[in-house]
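Reader: I would like a close look at a single part, followed by its setting. Please keep it brisk.

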Amino acid sequence: VSLTLQSCLQSDGRRRYATPPQQIAAFNRRSNPEIVSPPTDNWLEPEEDVIVGDDILRLNPEDNYNIHFPYRRGELNVHSGPGGSLRAVLADLKTIWEHVLTRHLDIPLEDLMHYRVVLIIPDIYNRQYLKELMTLILIEFGFACCFFVQDHVAATFGAGLGYACVVDVGDQKTSVSCVEDGISHKDTRVRMDYGGGDITQTFLWLLQKCAFPYKNCNPSNTLDAVLLQQLKIDFCHVDLNVCGSQEKNFLVQKPKAKPEKYTLQVGDECLVAPLSLFQPELFK
């Protein structure tokens with residue numbers, strides 16, 4: 001990918017140039033964190049046994065909570081570990097939906113019989129999972145009725161289009177299909193098990209090759225994972241006119257710890273990472 005970028009031209013016709021990775025790494029090795037303010041907030045002290053949503057990011061790792069994600073790679077996250085059975089995943093999903101309905105939509109659960117549901121499902125789906133979801137909505141929640149709409153069809157409806165080629169790049173999967181008159185044509189449906197999260201991992205790998213100054217970064221830590229996601233959003237691009245090294249800053253904030261401000265240099269790593277969607281071997 002780097003060799004391909006070196007042969008590309010800028011919009012004014014000039015050839016692109018790149019700063020040698022060794023030069024960027026030398027700068028980053030000399031970069032030390034700067035303490036910028038007093039310690040941030042404490043860890044969350046939960047009053048409930050079940051935590052839903054972004055509050056899990058503020059849980060103290062020593063509290064030993066089991067963190068469950070009901071969906072993975074666009075499907076129900078059924079696995080062999082704790083809480084990985086289909087029944088357990090559906091129970092987690094029910095807990096999340098109840099939280100959203102009561103806390104964010106202010107809908108009492110006893111009033112759900114007066115509401116109807118449109119459930120957005122993947123373009124490539126598992127019929128057994130759909131049956132279980134329908135049972136959850138109609139029997140356990142007690143909604144009046146429910147019908148399914150494939151996500152790509154819903155996207156064309158939302159955009160006001162009668163037909164389109166829909167490319168959905170999510171965090172963990174990428175899907176493509178052609179939609180015409182409200183129908184996602186089966187022969188055009190493609191799903192690839194990579195997405196924005198894999199770009200984030202590739203970006204971290206590229207940064208580490210250039211002596212990423214935040215040496216204790218651990219992508220399995222929820223706070224560091226959120227930080228890496230934000231770095232990808234702030235730094236990555238596909239603009240061929242951006243050449244050479246760029247100096248960037250970012251802040252590491254953790255409960256009961258002093259915030260640290262880091263300065264680093266980045267080059268074509270910010271361009272190579274998003275282009276890895278077209279070179280998926282980089283994800284390996």
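Author: Asp-106 sits in the loop between α3 and β4. First, the ground rules. This is a predicted model, in which residues are numbered from 1 along each chain as its sequence is written, local features need pLDDT of at least 70, side-chain atom pairs count only at pLDDT 80 or more, and totals for chains, interfaces and linings use all residues. Side-chain values use heavy atoms, with hydrogens and water left out.

Asp-106 has a phi near 55°, which is positive in a residue other than glycine. Most residues other than glycine have a negative phi. Asp-106 counts as exposed because its relative accessibility is 60%. The cut-offs are these: buried is under 20% relative accessible area, exposed is over 50%, and partly exposed lies in between (1.4 Å probe, protein chains only).

Now the elements on either side of that loop. Helices (H or I, at least four residues) and strands (E, at least two) are DSSP runs, numbered from the N terminus. Helix α3 covers residues 86–104. Strand β4 covers residues 116–121.

A salt bridge here is a side-chain nitrogen of Lys or Arg within 4 Å of a carboxyl oxygen of Asp or Glu. Glu-132 counts as buried because its relative accessible area is 18%.

Lys-94 forms a salt bridge with Glu-140, at 3.6 Å between the closest N and O atoms. Again distant parts of the chain are linked: Lys-94 is in helix α3, Glu-140 in helix α4, 46 residues apart. Lys-94 is partly exposed, since its relative accessible area is 23%. Glu-140 is partly exposed too, at 38%. Through shared partners, salt bridges join Arg-87, Lys-94, Glu-132 and Glu-140 into one network.

Helix α4 also stands out for confidence. pLDDT is the predictor's confidence in each residue, from 0 to 100. Helix α4 (residues 127–141) has the highest mean in the chain, at 97, while helix α1 (residues 2–6) has the lowest, at 76. Where pLDDT is low, the predicted coordinates should not be read in detail. For the chain as a whole, the mean pLDDT is 92, and 99% of residues reach 70 or more.

Ile-120 is in strand β4. At 46% relative accessibility, Ile-120 counts as partly exposed. Val-118, Ile-120 and Phe-147 make a nonpolar surface patch of about 280 Å². Patches take residues with over 30% relative accessible area and no salt bridge; like charges are joined within 9 Å, nonpolar side chains (Val, Leu, Ile, Met, Phe, Trp, Tyr) within 5 Å. Accessible areas come from the Shrake-Rupley method with a 1.4 Å probe, and for residues only the protein chains shown count as cover.

Next comes a contact across the sequence. Cys-145 and Val-117 are 28 residues apart in sequence, yet their C-alpha atoms are 6.3 Å apart in space. Cys-145 lies in strand β5 (residues 145–150). Its relative accessible area is 32%, so Cys-145 is partly exposed.

A further residue with positive phi deserves a look. Asn-64 is not a glycine, but its phi is about 60°. Asn-64 is found in the loop between β1 and β2. Asn-64 is exposed because its relative accessible area is 66%. Asp-63 is in that loop as well, between β1 (34–35) and β2 (71–72). At 37% relative accessibility, Asp-63 counts as partly exposed.

Last, the whole structure. The chain has eight helices and 11 strands. Its C-alpha trace spans about 65 × 50 × 35 Å along the principal axes. Of its 284 residues, 35% count as buried. The search finds 11 salt bridges in total. One of them joins the side chains of Arg-16 and Asp-268, at 3.0 Å from N to O. Arg-16 is in the loop between α1 and α2 (21–30), Asp-268 in the loop between β11 (260–266) and α8 (269–275), and 252 residues separate them. Both Arg-16 and Asp-268 are buried.
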